[in-house]
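Here are a few notes to go with the model you asked about. Keep it open while you read.

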Amino acid sequence: MSKLNARLKRKARIRRKISGTPERPRLSVYKSLNHIYAQVVDDTRGHTLAYVSSRDKGMAGGEGDKKEAAKRVGQLIAERCKAAQIEAVAFDRNGFPYHGRVAAVADAAREAGLKF
């Protein structure tokens, strides 16, 4: 089994258990080789409520490493959630191990006041 197939299998297993509601939307984190993306989704309506990525204009400059960019993404997603009056989310690691950049996004969002 390839790494991608293993991740997709873990993702499907996680998504069976986690679903976003209007009261507690799902915070989905995806990482590529160079960037990290976070979005808050209401699965009942299929709408994205907030979105941040390391490719956004506010993230430009390339200062620090990828883990620092992940922390900044976590802080920004928490700020945008608070602006949209979202206080609690269900964390979806998207099949990635809770380690490194994925954990950095989660920890930064928690420190910024998002509950999950």
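**Notes on α2 and its surroundings**

1. Let's start with helix α2, which covers residues 66-83, 18 residues in total. From first C-alpha to last it reaches 26 Å, close to the 26 Å expected at 1.5 Å a residue. Do bear in mind that this is a predicted model.

2. Which residues of α2 are buried? They are A70, V73, G74, L76, I77, A78 and C81. Just past the end of α2, have a look at Q85, with its positive phi of about 60°.

3. Next, the strands. β1 and β2 are antiparallel and share six bridges, with L27 paired to V40 in β2. A hairpin of four residues links β1 to β2.

4. β2 also pairs with β3, again antiparallel and through six bridges; here A38 has V52 of β3 as its bridge partner. Four residues sit between β2 and β3 in their hairpin, and G46 in that turn has a positive phi of about 75°. Because five of its seven residues are buried, β2 is largely enclosed by the rest of the structure.

5. Finally, check A112, in the segment after α3. Leaving aside residues up to four places away in sequence, A112 touches Q75, A78 and K82. A112 and E79 are 33 residues apart in sequence, yet their C-alphas are 7.3 Å apart in space. Is A112 buried or partly exposed? Its relative accessibility is 31%, so A112 counts as partly exposed.

Note on methods
Residues are numbered from 1 along each chain as its sequence is written. This is a predicted model: local features need pLDDT of at least 70, side-chain atom pairs count only at pLDDT 80 or more; totals for chains, interfaces and linings use all residues. Side-chain values use heavy atoms; hydrogens and water are left out. Helices (H or I, at least four residues) and strands (E, at least two) are DSSP runs, numbered from the N terminus. The expected span of a helix is 1.5 Å times one less than its number of residues. Buried means under 20% relative accessible area, exposed over 50%, partly exposed in between (1.4 Å probe, protein chains only). Contact means heavy atoms within 4.5 Å. Two strands pair if DSSP finds at least two bridges between them.
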